[in-house]
Amino acid sequence: MSEPVGQKDSQGSNQESRARPGQRRMAQWMRDYARLPGIPDEYIAEGGAPRPVWTRFFDAFAALSPADIERRFASADRHLREAGVTYRAPGDTSDRIWPLSHLPLIIDAADWRQLAAGIAQRAQLLEMVLADLYGEGRLVATGAIPAAAIAGSGEYLRAISGIKPPGGRYLHLYAADIGRGPDGRWWVLGDRTQAPSGAGYALENRLVLSRAFSNLYKSMNVERVAPFFESFRDSLRASAERDEPRIGLLTPGSFNETYFEHATLARYLGFLLVEGDDLAVSGDRVHIRTVAGLKRLDVLLRRVDSNMLDPLELDASSYLGVPGLVEVLRKGGVVVANMPGSGVLEARGLLGFLPNLCRRLLSEDLMMPHIATWWCGQKSAREQVLSRLDEFAIEGAYGRGVPGFPGNGPVLPGQLSADERGRLKDAIASRGVDYVGQELVRLSTTPVWENGRLAPRPFVLRVFAAATPNGWTVLPGGFCRIAERADARAVSMGDGAVSADVWVVSDKAVATSTLLPAVDTVRIRRIAGVLPSRAADNLFWLGRYLERAEATMRLIRALCTPLRDPARGNSTGAAPTLHSAERIQRMLVAWGATSQTARTNPAKVALEALQNEEKFGSALSLVRSAQRTATGLRERLSPDAWQVITEMADRLAIEVHDDDGVVSAAELTLQELASFAGLAQENMNRAAGWRFLDMGRRAERAVNTTRFARQFAYDEAGDEDLDVLLTLVDCQITYRSRYLVQPLLAPVRDLAVLDPYNPRSVAFQVAGLNEHIAALPSLKEHGLIERPQRLAVAIEAMLTTAEAASLDVKTLFALEQDLLSLADAIGLHYFPHGPNASRPEKLTGLA
Amino acid sequence: MIYDIRHVTTYSYETQVSFARCSLRLEPMSGAGQKLMSHSVDIRPKPSERTARRDFFGTLTESVLIETAHRNLRIDSRSRVSVDRQALPRDAASPPWEAVRDGAFEASSLGADSPVGYVFASALVPVLRTVTEYAAASFPPGDGIVSGAADLMRRIRTGFKYDPKATVISTPLKEVFEKRHGVCQDFAHVMIAGLRGLGLPAAYVSGYLRTIPPPGQPRLQGADATHAWVSVWCGTALGWVGFDPTNDLVVANDHIILAIGRDFADVSPVDGVIVGARKQKLNVAVDVLLVE
């Protein structure tokens with residue numbers, strides 16, 4: 001994208017005339033910026049002067065005209081929408097677009113260096129604490145950590161105790177939520193050691209903002225984030241036993257609130273996105289079920305919580321994990337990042353012990369302070385909290401929420417009723433271990449853009465560190481969540497919060513930065529060489545849904561078009577007889593696109609078949625099914641392909657009212673389907689994935705075309721029926737150029753079913769299927785030909801040798817059945833629902 | 001006393017099962033007033049892999065892999081155990097429950113014996129305010145831990161209905177408590193939840209009861225299946241004491257311990273995943289004979 005700064009001012013060839021309005025704007029913004037009383041701010045320092053890094057930013061920013069700024073904001077928003085950057089808040093049933101603040105949070109490089117050193121030290125300390133807790137246990141035995149501060153955490157996993165973590169460490173990725181306290185220092189608010197989320201969103205935010213403001217971004221000397229991800233990936237690879245390890249990112253699935261992030265990271269890092277069902281334990285190893293059989297997995301980057309990882313040794317009710325995983329860990333057969341059980345260090349009750357632990361384990365002082373926290377499991381702390389209760393925010397000591405009180409956030413005793421307050425006091429007095437008191441602290445605010453003005457908002461910054469063979473490396477930047485409310489501690493996406501990119505900015509030009517690309521580019525890599533069975537399954541069905549949607553569209557169009565164009569056809573010279581329309585209608589009923597079985601107004605049938613969401617076979621339902629299926633394939637689809645599907649679903653959902661509307665909707669959709677097919681054909685790697693998408697499409701088209709032929713090229717079909725068939729299979733032009741006569745039964749049958757050169761014929765689809773099956777890895781047992789191939793070869797032979805004259809309805813029906821069997825055989829053979837690969841279930845009952 | 005125990009677990013499946021991975025915790029423990037003399041487990045069909053290890057709680061856990069297609073899985077466990085416990089009277093002198101609570105929270109070990117592992121909610125035992133309040137009625141300030149636990153046990157025995165049809169293993173504790181019915185592991189879970197709510201360490205015990213009672217005594221509830229009860233930490237001096245809320249008994253020589261954990265999930269005798277069965281039926285037969 002080109003970005004001539006100030007291009008809008010057409011006279012603006014000299015610097016001054018451009019600078020003046022910019023300076024005026026900036027002065028205006030500063031005057032309007034109303035800092036919250038008594039709360040520190042990132043932009044404006046204590047004395048009222050703006051901080052230099054922000055001044056540099058706003059200098060450049062103000063040079064853009066207001067219209068230009070709005071345009072760039074809009075382009076950022078459009079990118080987020082088009083890339084499908086989404087998340088789900090708890091309770092959502094569909095994805096929300098990720099709200100991005102248009103201004104970055106800017107942090108001075110010198111300030112950042114200190115912060116990063118503190119984070120790296122903390123990560124190192126936490127790793128050592130974990131190694132002791134699950135290993136020797138000296139810290140608890142000597143009283144450096146009270147046993148109760150650990151035992152109460154649901155993340156203290158007894159099953160993990162004593163296992164030496166494969167890969168040599170517990171923590172591979174660490175995150176901390178931080179905020180700037182009144183003293184100007186960064187404070188840790190909480191540690192994230194389980195499976196930190198947010199790094200993928202940070203990456204996406206950077207891509208969007210650096211693109212929308214590329215010159216501004218370039219001129220600011222912003223530290224790049226890509227090297228961090230490279231180094232994280234390389235370190236995970238290095239942790240494996242094999243030189244060319246296979247790495248999976250374990251996701252709970254597309255219903256998870258941060259699924260988009262899992263897909264983004266998997267694609268960016270070149271890992272396989274896998275769900276528990278995709279994995280199987282065999283021997284002392286974890287394997288991925290792929291279309292080429294079981295393949296060893298070396299490293300599992302998990303976004304599934306520890307307890308859900310293994311129904312045999314951890315939470316028995318979990319369907320998200322892999323039965324036997326803990327046993328494999330015990331035998332050292334797989335690296336899991338982070339090691340199950342690492343989440344125990346997220347317990348707030350531990351915060352207060354870290355300064356001493358740091359001196360003891362690292363022989364140095366803890367660099368970063370954390371929010372002052374009193375764990376009520378200790379008598380003196382408990383008494384302090386109880387005696388000055390209203391001065392604290394009360395939190396649960398181990399997890400989310402305060403035991404005995406609703407909600408996930410802190411309880412502020414000062415805001416409770418007398419009854420509730422009494423109950424809280426009793427609870428702390430009798431089971432103090434469950435509670436911490438935390439200092440009420442006012443964290444700094446950062447500017448956001450609101451209707452052309454700047455406004456201060458509290459924020460929480462999540463920073464990330466990755467373990468490398470040479471120590472911890474910290475992502476320069478992070479994931480910043482900005483609150484709508486004044487209490488930053490309640491920031492989570494879901495209650496009106498937005499996220500922001502984080503720029504670590506050097507105050508003098510960094511020489512090397514000019515050598516870097518203008519934007520943080522995504523390094524393209526090929527997705528690892530194996531195709532998980534589940535992904536193959538989804539691709540196959542994506543192909544089938546889209547093809548079925550296309551066939552439905554063609555039926556709808558055929559039902560409506562003649563009514564608009566009575567001059568069509570050679571013999572009747574008018575609308576198709578009721579007879580043809582009825583046949584089309586019957587097919588739509590059989591496909592579940594409409595329930596109008598009575599002879600009725602074709603427009604009504606067409607409308608229902610087009611967009612009635614209650615009909616599972618309507619075009620809209622089919623496109624939605626395709627969209628759902630595509631959701632599970634996010635890491636494998638190009639953003640363009642995703643966008644086509646999304647737009648198609650959105651547009652089909654817009655209500656149309658008449659024939660014209662139906663026809664134009666059908667035509668637009670057919671164009672979009674063609675453009676998706678084109679994208680797949682032109683842009684997808686010719687790897688196994690593309691083959692399954694294409695097989696789905698070909699299998700479905702073969703079945704549908706055979707059915708069309710049976711319905712409209714039946715033994716007594718008239719030329720009007722045959723005409724409809726030619727339209728449905730898109731062969732009008734071919735037929736007319738070839739035969740120059742009105743449609744006749746045998747030539748039409750030949751063209752639609754047998755002609756191997758016609759890309760819409762059944763024979764052409766079957767030849768394609770055969771080619772794919774032959775190219776796919778063989779799972780050969782006993783050296784015999786496998787069932788999908790056996791069926792496909794037989795059908796192809798039949799089609800090659802058949803003659804059009806002998807293609808009666810009975811033969812066509814048999815062909816249709818054979819094709820359906822072939823589609824099933826492909827599913828059984830390659831996909832996880834096959835007899836040898838189905839999901840394990842629990843033994844039940846009280847044994 | 002010496003007991004011979006036969007514990008046969010049979011799963012019958014509607015369709016062929018091609019694969020099973022099981023965890024077995026069938027070896028009675030040694031310690032806590034009993035000693036394992038002999039033990040064997042026979043599994044049909046024959047497993048392709050059997051490995052044994054002690055889990056965190058000290059229970060011998062056998063991992064079993066079966067790759068032969070089968071419709072029935074039969075696990076036949078035989079044990080001989082000698083038991084010698086002193087029965088503790090229900091009104092035995094014991095430290096005040098508040099002191100027991102404070103002692104548990106101040107423990108400096110995360111080991112399986114440490115009381116601190118048994119004062120928090122666990123997979124199947126949430127800490128619920130209603131259950132805690134129910135239990136609190138048995139613990140007036142300053143009362144001894146043993147008499148309090150015995151009173152709570154008695155109230156569960158009299159206030160809850162034994163009904164094998166009322167619950168399954170997945171019935172939540174909240175429902176068991178509200179409806180006041182269930183079987184031995186439900187009662188054990190309720191008692192554990194109440195004690196933990198008060199900060200008192202309570203463990204779940206799986207095991208057996210002698211099948212034929214001593215002459216003149218009634219047959220105990222749960223004697224023909226695996227049984228479950230509660231072990232309460234009664235301070236450093238007394239240690240862990242067994243309470244059986246299903247029978248209102250302080251545990252002595254009629255109970256044989258299989259395994260101890262935080263709740264059923266830690267000790268379930270047979271657990272696992274299978275591939276294939278549409279429907280499954282479970283049959284458990286237990287026979288406990290007094291040898292001498």
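Let's start with B:Ser206, whose bridge partner in E10(B) is B:Ala228. This is a predicted model, so read every pairing here as a feature of that prediction. The two strands behind that bridge are E9(B) and strand E10 (residues 227-233) of chain B, and they pair in the antiparallel sense over six bridges.

E9(B) has another partner too: six bridges join E9(B) to strand E13 (residues 255-261) of chain B, and this pair also runs antiparallel. Here you can look at B:Gly207, which has B:Ile257 as its bridge partner in E13(B). How many residues of strand E9 of chain B are buried? Eight of the eight, across residues 202-209, so the strand is largely enclosed by the rest of the structure.

## Where chains A and B meet

Now for the contact between the two chains, which takes 34 residues from chain A and 33 residues from chain B. On the chain B side, four strands each supply at least two residues: strand E1 (2-17), strand E2 (19-24), strand E14 (270-275) and strand E15 (280-290). E14(B) gives the most, with six residues. Sorted by class, the side of chain B that touches chain A has 17 nonpolar residues, 13 polar ones and three charged ones.

E14(B) also takes part in strand pairing across the two chains. Its partner is strand E22 (residues 841-842) of chain A, and the two pair in the antiparallel sense over two bridges. If you want to find the spot in the viewer, go to A:Glu841, whose bridge partner in E14(B) is B:Ile274.

## Helix H18 of chain A

Over in chain A, helix H18 covers residues 619-631, which makes 13 residues. From first C-alpha to last, H18(A) reaches 18 Å, close to the 18 Å expected at 1.5 Å a residue.

Is H18(A) mostly covered or mostly open? Mostly covered, with eleven of its 13 residues buried. The buried set includes A:Ala619, A:Leu620, A:Ser621, A:Leu622 and A:Val623. A:Arg624 is buried as well, along with A:Ser625 and A:Ala626. Towards the end of the helix, A:Thr629, A:Ala630 and A:Thr631 are also on the list.

## The annotated stretch of chain A

One item comes from a record: an unreviewed UniProt entry carries the annotation "domain: Circularly permuted ATP-grasp type" for residues 104-483 of chain A. In the model, the chain over those residues is 31% helix and 24% strand. The end C-alpha atoms of that stretch are 14 Å apart.

Note on methods
Residues are numbered from 1 along each chain as its sequence is written. Chains are lettered from A and ligands numbered from 1 in the order in which they are written. This is a predicted model: local features need pLDDT of at least 70, side-chain atom pairs count only at pLDDT 80 or more; totals for chains, interfaces and linings use all residues. UniProt positions are given in the numbering used here, feature names are shortened, and annotations may be inferred rather than shown by experiment. A residue is buried if 20 or more other C-beta atoms lie within 10 Å of its own, exposed if 12 or fewer, and partly exposed in between; C-beta atoms are placed from the backbone. Two strands pair if DSSP finds at least two bridges between them. Two residues are in contact if their C-beta atoms, placed from the backbone, lie within 7 Å. Ala, Val, Leu, Ile, Met, Phe, Trp, Tyr, Cys and Pro count as nonpolar, Asp, Glu, Lys and Arg as charged, and the others, Gly among them, as polar. The expected span of a helix is 1.5 Å times one less than its number of residues.
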